[in-house]
Amino acid sequence: MNGKLNGLKIHDSAFKFMIDLDPQGLLDRFGIPYTFKEFLATENVLKIDSRYSMDCLILTEEGIIINLEFQSSYPNKAKQEVLRVYASLTTVKYDEDVFTYVLTIHPVKNEEKCNKLRSNIYHRVFQKSSLNLDGKELLNSINNKIKNNGHLTNKDKQDLILIPYSTRDVKECAGLIKQGMITTNKIKTDSKQEEIEKGQMKYLLMRLCERLVKDNEKCKEIKELAKMGNPIFDEWKQEGLEEGLEEGREEGIEQAIRKLATKLEKLGIDKEMLKKALELTEEQTNTN
């Protein structure tokens with residue numbers, strides 16, 4: 001390990017949980033200057049590739065449509081092209097301007113320059129980084145609320161999942177996840193729905209530890225904390241195991257495709273022919 005976080009598909013689960021809890025809260029937290037009106041069905045926009053799907057479409061009170069994408073890093077060229085096509089198709093379908101906001105755990109050194117390079121007059125792309133958040137400050141604020149018997153808002157619950165994304169340092173991330181799990185255990189629930197949300201939060205924090213920290217001892221400690229005072233958690237734990245197995249299968253298929261492409265290329269088969277025959281992406285054809 002080089003001390004940096006390497007997240008996988010857990011991003012999708014975490015993002016969907018957060019956006020469902022409080023869409024306006026997520027827009028505000030990342031400094032996206034629009035007002036949430038309603039979700040738009042992504043199914044209404046043609047999927048151009050079965051390997052991709054739109055994360056979230058939001059119609060704002062200002063009449064702008066926002067395509068939110070939650071990524072571990074900024075999309076490569078192939079993915080950027082997919083985002084441009086999504087924007088074009090969305091404009092045709094809904095007849096509104098489309099802005100794409102890519103939320104990442106990578107820092108943005110020069111946001112204005114970065115956004116200018118990745119946008120054009122037809123499609124504006126913005127990058128927002130969770131590293132701009134102060135995880136310790138957010139955690140202290142939530143703990144103070146709980147200590148004073150204050151009611152946690154959906155935005156507070158959202159922040160508990162965002163907190164681990166506020167750092168790329170593995171040790172610091174592990175500490176934040178542990179404290180986040182302890183804090184989650186303190187949340188009082190008054191309904192089955194709140195109990196389910198609590199179970200979801202514990203499941204996500206556990207998976208974040210597995211995927212971001214990747215330290216068996218620390219993950220074991222997090223799992224033990226997750227078992228405390230929440231019977232719904234077992235249901236989410238089982239779903240997490242099943243999701244983890246599925247991710248493992250997909251990663252295995254990806255590795256097999258790369259190895260096969262490498263062997264065939266060494267035999268003299270042209271890269272373009274490989275790409276067509278195996279339906280490879282640009283990234284997969286870069287076998288060296």
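**Salt bridges, core and cysteines**

Guide: A search of the whole structure finds six salt bridges, a salt bridge being a side-chain nitrogen of Lys or Arg within 4 Å of a carboxyl oxygen of Asp or Glu. This is a predicted model, in which local features need pLDDT of at least 70 and side-chain atom pairs count only at pLDDT 80 or more, while totals for chains, interfaces and linings use all residues. Residues are numbered from 1 along each chain as its sequence is written, and side-chain values use heavy atoms, with hydrogens and water left out.

Visitor: Which residue does Glu-197 form a salt bridge with?

Guide: Its partner is Lys-157, with the closest N and O atoms 2.9 Å apart. Glu-197 lies in helix H8 and Lys-157 in helix H6 (residues 154-162), so the pair ties together parts that are 40 residues apart in sequence. Helices (H or I, at least four residues) and strands (E, at least two) are DSSP runs, numbered from the N terminus.

Visitor: Are those two, Glu-197 and Lys-157, buried or exposed?

Guide: Both Glu-197 and Lys-157 are buried, where buried means under 20% relative accessible area, exposed over 50% and partly exposed in between, with a 1.4 Å probe and protein chains only.

Visitor: And where do Glu-210 and Lys-223 lie?

Guide: Glu-210 is in helix H8 and Lys-223 in helix H9, so their pair ties together parts that are 13 residues apart in sequence. Salt bridges that share partners join Arg-207, Glu-210 and Lys-223 into one network. The side chains of Glu-210 and Lys-223 meet at 3.5 Å, N to O.

Visitor: OK, switching to the core. Which residues have the most contacts inside the largest one?

Guide: They are Ile-32, Ile-66, Leu-68 and Ile-161, in a nonpolar core of 55 residues. Helix H8 (residues 192-213) gives the most to this core, with nine residues. A nonpolar core here is a set of buried Ala, Val, Leu, Ile, Met, Phe, Trp, Tyr and Cys residues joined through side-chain atoms within 4.5 Å.

Visitor: What does Ile-32 touch?

Guide: Not counting residues up to four places away in sequence, Ile-32 touches Leu-27, Ile-66, Leu-68, Tyr-101 and Leu-103, contact meaning heavy atoms within 4.5 Å.

Visitor: Last topic, cysteines. How many disulfides does the count come to?

Guide: The count comes to zero, a disulfide being a pair of cysteine sulfur atoms within 2.5 Å.
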